[in-house]
Every structure is written in structure tokens, then in C-alpha cells.
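Here are some notes to read beside the model, one topic to a point. Please keep the 3D view open and find each residue as you go.

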Amino acid sequence: MATVKRDYYEVLGVDRSAGTEELKRAYRKLAMRFHPDRNQGDKEAEERFKEVGEAYSVLSDPEKRRRYDTFGHSGEQMPDFGSFSFDSAFDLFDMFFGGGRRGARSGPQRGSDLRMTLDISFEEAVFGAKRSVEVPRTATCPDCSGSGAAPGTSPRTCSDCGGSGQVRRAVQSIFGQMVNVTACPRCHGEGRIVGTPCPRCRGRGLVEERKSIEVSIPAGVDADIQVRVSGEGEAGPRGGPPGDLYIGFRIAPHPELARRGQDLIYELPITVAQAALGDRITVPTVDGQAEVEVPAGTQHGRTIKLAGHGVPHVRTGRRGDQLCVVRVVVPTHLSVAERKLYEQLGGRTGRPADVKRGFFENLRGFFSPSD
Ligand SMILES: [Zn+2]
Ligand SMILES: [Zn+2]
């Protein structure tokens, strides 16, 4: 399942102008609400907890926030941005509330998230597409099924924790009295101790692999949008759940159309005669050729709109327009016959009939009245 990464301000439910205190309040409220300790086993709450943490970690850092405001999610592809995992979400929470609750996480850990950038064509960005992507990542070892024990042997139960991998004790926390569960120090939370490590993964339970994954590119995708493919990140150590795969896009330019948000800009060159007399002109659009009506008396720089030929909005699917910006091309080389025709129009001495004297003409008239 692929989902589009949400805007950080939207995630925290704050204005783009929100100050430090407002961000803190929003994060405090949401992090408490979605904390996994309060939402046992609720996958959605778990995702929200991470999302809220990631949004806060970016917006509360002035440099990251500035970059996010400028580049959107694509700003995060820059090398020094760091990646945000479930562990980061818990670390942030612990830091924020000052509780040493780190120990509460034990047993199988979730795998890391992966990020990739996909090169796509202009048309794929406009209309969406399905692509298969090779993802290098760690996976559960097939020989030992992630146990880390050599085939034919099995890990033995840890005697310190009786196989649970956890040591429990009651603690006082911000949620009131809670049972603090820490990973067993002897078996590192595995509950089992491997006697003979699996030769293929050397006891790690994980191997490197390249997996081909089908990715849906949403129609209208832009460089600041990332798509999340749930559960296609790295495998979790000790049989933990996998991380997610985040895919960003690098979009090839179009030879004739430029994109501005949902609109497409096309420069429409016309002759002086077409500008004066009007014409119907065939232009390229992302939907194929279309006809544009250039009215008589069209001025240079005028915009003619082709409604609905733009880029669909990535969420609503509503399409923008194609804006054809008229460029009147004045001939630089005239044949004898053409020169005669222009001269007949009064090219040497005439003045545009319906245009007022320009500033420079007035100025020249002022300095040399005889001219
Ligand atoms: Zn193995
Ligand atoms: Zn143990």
C-alpha cells in the first residue's frame, strides 16, 4: 500500500507561522495521544506517533524548517538531513518528556526505513504510472528464518529471563504507575541464546538482498512529494517488523512545456501577421495536439488558456490549465517583396495607431524638437 507523505504543518495541525511554543504544545498533545504504550497494538496510532515525531523534529529545528519550507519533503533527501525511524520517535519523546523510558522498548525491533529517488519522465509525473524498482535491503535470513542458529540446531532458552527476553519492574511515569519492561541484558531481548551461529548470516538472522517492488507513481506527483510503501524497508532484527520504503521523484523536463504547480506553460510563437489578423494554431499538450484560437489584434505576452490540460492535483485529481504565452516573432531577414509590404504598412515613418507615445519618444522629442 502506498501513501503520500503528509505536510508536516498539517500533521501537527498548526499554521505555517506557528512559533516554538505552539509547535511544542501541538507535539506534546499528539505524542501523548498516539504513544504506543497507550494504544496497545494499534498500527495506525503507531504510524501517527512516528509521523508526529518526524514533523516536530523537522519544524522545531530552524535550519531544517527553513529547508522544508523551501523544498518541501525533497529537502530531506539532502545528505545531512538524517533519517527518522521509530527509534527516533521514541528518543524524541523521551527527550521531550525527560523520562528515561527507553527501556520500555525491548524484544524484536522494527527494521529501518529506506529512502530512494526514482527518475521518472514528465508524462509519468503528470499521469501517474506503475514501475518496478530494485531495492537493495536487508531481509530475514532464509536459511535460519531469522533465528541466527545454524540449520539443524536451535537456539536454547535464556535462563535469566526464562525466554521472555524481558525483565519487568513497576515504575512511576508520566502516564501514572506503569510496568517498565527492559530487554534482558544476557540475551539482549531475544529470549534465546544461539549456540552454533547460522553460517549464511553469521548469526545475525539478516542477509542482504535485492527485491523488486511494484511502485505506484501517483498522477500529479512533484519533486517535493514522497510515496511511502509500507513494510518494504529493511527487515527488523530478531524477527521484528520491517521498516517502510520512502520514494522521492526526480522528474525529467519536457522539451516544450514547463510546469508551474498544476499549470503548464507553453511559449507560443506567432508571426506579426498572425498577431494582427488572428489564426488557429496547433500546439502540443500532454494530451496530444490541441487547437488554440489566436484572436485578431493579439499583443506580445498575452496568455491564452487551454483549460483542463494541466497537471492533476495529487490528492483531488483536479487538473490545472495549459497557459500559452504569446511571443510575437518579428522577422529579422526580409525578402524584397516582404520589405515592400512592410513599407506599405508604414514601417519607416509610421507609429502604432492605438498606442500612446512611449516614454523614450517623448524624451527624445523634448531634447531635439526638430527630429
Ligand atoms: Zn541465517
Ligand atoms: Zn534473557
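1. Helix H3 is mostly covered, with 13 of its 17 residues buried. This is a predicted model. From its first C-alpha to its last, H3 reaches 24 Å, close to the 24 Å expected at 1.5 Å a residue. At the N-terminal end the helix is capped by Asp42. A side-chain oxygen of Asp42 lies 3.0 Å from the backbone nitrogen of Glu44.

2. Aromatic rings come next, and the structure holds five aromatic pairs. A pair of this kind is described by the distance of the centres and the angle of the planes. For Tyr27 and Tyr56 the centres are 4.6 Å apart and the planes are at 20 degrees, so the pair is stacked. The cut-off behind that word is an angle under 30 degrees. Tyr27 belongs to helix H2 (residues 20–34) and Tyr56 to helix H3 (residues 43–59). The two tyrosines are 29 residues apart, and the pair links distant parts of the chain. Tyr27 has a relative accessible area of 1% and is therefore buried. Tyr56, at 7% relative accessibility, counts as buried too.

3. Which kind of pair do Phe49 and Phe90 form? Their rings are 5.2 Å apart, centre to centre, with 50 degrees between the planes, and the pair is tilted. Phe49 is in helix H3, while Phe90 is in helix H5 (residues 86–97).

4. Tyr8, Tyr9 and Tyr68 are linked into a cluster by ring pairs. Tyr246 has charged groups over its ring: Lys5 lies over the face at 5.1 Å from the ring centre, and the charged end of Arg115 sits 5.2 Å from the centre.

5. Now to the metals, beginning with the zinc ion (ligand 2). Its protein donors are the SG atoms of Cys158, Cys161, Cys184 and Cys187, lying 2.3 Å from the ion. The angles among the four donor atoms are 102 to 118 degrees, and the site is tetrahedral. Ideal angles for four tetrahedral donors are 109.5 degrees. In sequence the donor residues follow the spacing C-x2-C-x22-C-x2-C. Cys158 lies in the loop between strand S4 (156–157) and strand S5 (166–173), and Cys184 in the loop between strand S6 (176–183) and strand S7 (192–193), so the pair ties together parts that are 26 residues apart in sequence. Cys158 and Cys184 are buried.

6. What are the protein donors of the zinc ion (ligand 1)? They are the SG atoms of Cys141, Cys144, Cys198 and Cys201, at 2.2 to 2.3 Å from the ion. The donor atoms subtend angles of 102 to 117 degrees, which makes this arrangement tetrahedral. The spacing of the donor residues in sequence is C-x2-C-x53-C-x2-C. Cys141 has a relative accessible area of 0% and is buried. Cys144 counts as buried at 7% relative accessibility.

7. His254 is worth a look in the loop between strand S10 (245–251) and strand S11 (257–260). Is His254 buried or exposed? Its relative accessibility is 16%, so His254 counts as buried. The limit for this is under 20%. A polar atom of the His254 side chain lies 3.0 Å from the backbone nitrogen of Glu256. The backbone nitrogen of Leu257 also lies 3.0 Å from a polar atom of that side chain.

8. Some loop residues remain. Ser230 lies in the loop between strand S9 (227–229) and S10, and at 29% relative accessibility it counts as partly exposed. Ser230 and Asp244 are 14 residues apart in sequence, yet their C-alpha atoms are 4.8 Å apart in space.

9. Please check two backbone angles as well. Ser145 is not a glycine but has a positive phi of about 55 degrees. Ser145 is placed in the loop between strand S3 (129–140) and S4, and it counts as exposed at 61% relative accessibility. Arg202 has a positive phi near 55 degrees. Arg202 is found in the loop between S7 and strand S8 (206–217), and at 74% relative accessibility it counts as exposed.

Conventions. Residues are numbered from 1 along each chain as its sequence is written. Chains are lettered from A and ligands numbered from 1 in the order in which they are written. This is a predicted model: local features need pLDDT of at least 70, side-chain atom pairs count only at pLDDT 80 or more; totals for chains, interfaces and linings use all residues. Side-chain values use heavy atoms; hydrogens and water are left out. Rings of Phe, Tyr and Trp (its six-membered ring) pair if their centres lie within 6.5 Å; planes under 30 degrees apart count as stacked, over 60 as edge-to-face and the rest as tilted. Helices (H or I, at least four residues) and strands (E, at least two) are DSSP runs, numbered from the N terminus. Buried means under 20% relative accessible area, exposed over 50%, partly exposed in between (1.4 Å probe, protein chains only). A charge sits over a ring if NZ of Lys or CZ of Arg is within 6 Å of the ring centre and within 35 degrees of the ring normal. The expected span of a helix is 1.5 Å times one less than its number of residues. A polar contact is a pair of N or O atoms within 3.5 Å; within protein, one must be able to donate a hydrogen and the other to accept it, and residues adjacent in sequence count only if both atoms are side-chain atoms. Donors are N, O and S atoms within 2.8 Å of the metal (3.2 Å for Na, K and Ca); water is not among the atoms, so sites may look incomplete. Four donors count as tetrahedral if all angles lie between 85 and 135 degrees; four count as square planar and six as octahedral if opposite donors are over 155 degrees apart and all others between 65 and 115; anything else is irregular.
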